[in-house]
Amino acid sequence: MNLAGFPAEYRASGVLLHVTSLPSPYGIGDLGPAAYRWVDRLVEAGQSWWQVLPLGPTWQGNSPYHALSTFAGNPLLISPDRLADEGLLDRAACQNAAFPAHEVDYEAVAAWKRPLIQQAWSRFEAEATAELRDEFAHFGREQAAWLDDFALFRALAEHLGSDHLQWPEGLKRRDPASLAAAREEHARAMNVTRFAQFLFFRQLAALRSYAGERGLQLMGDLPFFIAPDSSDVWSDAELFLLDDALRPRVIAGVPPDYFSADGQLWGNPIYDWEAMRRTGYRWWIDRLRALLSQVDLLRLDHFRAFVNAWHIPADSPTARSGNWQPGPGADFFRAVREAFDGLPFVAEDLGLITDDVYALRDEFNLPGMRVLQFAFDGNPHHPFLPHNFLHNTVAYTGTHDNDTTRGWYHAQDDNTRRIMWEYLGREPGDESEVAWELLRRVWNSPAALTIAPLQDLLNLPTEARMNVPGKPDGNWAWRTTEDSLTDELFQALRQMTESADRLPSTI
């Protein structure tokens, strides 16, 4: 979708569910059979979009917003069933899985799945067809700009530890002779990593093609900042504000807000935008191109940082001591628009937003976001109330950073509950009614696109929450089950979608 703003008559809807949350016997949702069944269910329910979180390889804390590489995919999402279908694994290798059904145990999943990928690589080396070998070789050439560095980074991280600043000086500073010796020493590990990336991209492309043929598009998510312990910072250190020891001079976060009284101390290094500008934003354009090869539309997380970002001294214990510093602004989006002949983006314009951020969003006609959970302060002009939604908007009950709507309501005081029921124009009801009441209001709003977290469609409590911002552990683990995805649920979703005039024109 090469949009810069939704067309005037566009009305559509979708569901937010990260791939890890899909049902699977292997401890984590993946790109296999359950994902295809999920696509079929969404299509049958009249949905136009499936929104996922970032798909990169996770590290400590398992956050998809803290990836080891902005270009790579998460090998934990590779489907063992698809590998067995292609003869790269024996079916028996997939039959010893024993994992909890309702949450992801990332450590256990990784320990089980990594040997499977190594087995698939050994099978590929010994038995792959000429066609598959050619496909793998083509992938390596096409992705060489990031893939070789990432493969070496992963091998070195396994061998020397995850903090590349603690590596020997030659490797830390990327001395050519040191890198050449390391590539020779870790050649097999690098090949396994390249192969895992090949499998991930291949499976995702097949799934996306299947969805697209059925009229379902994928919305992805672009984290604004890069993880400090990522291959990106190691391989392109000159593009970040680092000191002579290659440590961040300032780090990213946000000031005190709705989610945290001390703000949020994210710890990411901050871009050297002048260095980026001198290259025509080449690294960023490569990044966007890579992610848009995976999905049809990208949500630009923390959009306000394109205008200004909260710079925090690297040794600060909280985010309170930061200050706003300018980002690349309109110059960046002009370069991106020229490179892509369009701007297939949604601006995450939530939180402490100033007029200059809205001005940048509107200059390029980017859709913004609305979240109904934030609306009930008693102000009838609140922009997050459905009757005030603009058309060029993606509207939600809540996002992955919010509590479930049922959990949100349970935590509210009596005054907020009263305001909500008065807005709905009905007598107060039970908390079990709230999620679908608010979903119907979002669906019937003027917003061009509406998205429901699956947890709200399932009317789940706080225990099903995906993420608590500022909380370092215990997030990203929630999973659904096949038993929860009933015909009745998707029939109700289709009925709501049809009533709100959001069915695709082909349905």
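Q: How many aromatic pairs does the structure hold?
A: This is a predicted model: local features need pLDDT of at least 70, side-chain atom pairs count only at pLDDT 80 or more, and totals for chains, interfaces and linings use all residues. Residues are numbered from 1 along each chain as its sequence is written, and side-chain values use heavy atoms, leaving out hydrogens and water. Rings of Phe, Tyr and Trp (its six-membered ring) pair if their centres lie within 6.5 Å; planes under 30 degrees apart count as stacked, over 60 as edge-to-face and the rest as tilted. The number of aromatic pairs is 55.

Q: What kind of aromatic pair do Phe153 and Trp234 form?
A: The ring centres of Phe153 and Trp234 are 5.8 Å apart. Their planes stand at 45°. The pair is tilted.

Q: Which helices does this pair of Phe153 and Trp234 link?
A: Helices (H or I, at least four residues) and strands (E, at least two) are DSSP runs, numbered from the N terminus. Phe153 and Trp234 lie 81 residues apart, in distant parts of the chain. The helices are H5 (residues 144–160) and H9 (residues 231–235).

Q: Is Phe153 buried or exposed?
A: Buried means under 20% relative accessible area, exposed over 50%, partly exposed in between (1.4 Å probe, protein chains only). Phe153 has 1% relative accessibility, so Phe153 counts as buried.

Q: What kind of aromatic pair do Tyr409 and Trp421 form?
A: Here the centres are 6.1 Å apart. The planes stand at 80°. The pair is edge-to-face.

Q: Which residue stands opposite Val371 in E11?
A: E10 pairs with strand E11 (residues 393–396) in the parallel sense. There are four bridges between E10 and E11. Opposite Val371 stands Tyr396.

Q: Why are H3 and H8 called roughly perpendicular?
A: Axes are lines fitted to C-alpha atoms, for helices over the stretch in contact, and angles run from 0 to 180 degrees between N-to-C directions. Angles under 35 degrees count as roughly parallel, over 145 as roughly antiparallel, 65 to 115 as roughly perpendicular and the rest as oblique. Helix H3 (residues 106–127) and helix H8 (residues 187–213) have axes 10 Å apart. H3 and H8 are therefore roughly perpendicular, with an angle of about 95°.

Q: Which residues of helix H12 (residues 330–340) are buried?
A: Contact means heavy atoms within 4.5 Å. The cover over the buried residues of H12 includes H10 (273–278), H11 (282–292), E6 (297–300), E9 and H13 (355–363). Just after H12, Asp341 takes a positive phi of about 55°. The buried residues of H12 are Ala330, Phe332, Phe333, Ala335, Val336 and Phe340.

Terms used:
Pairing = 2+ DSSP bridges.
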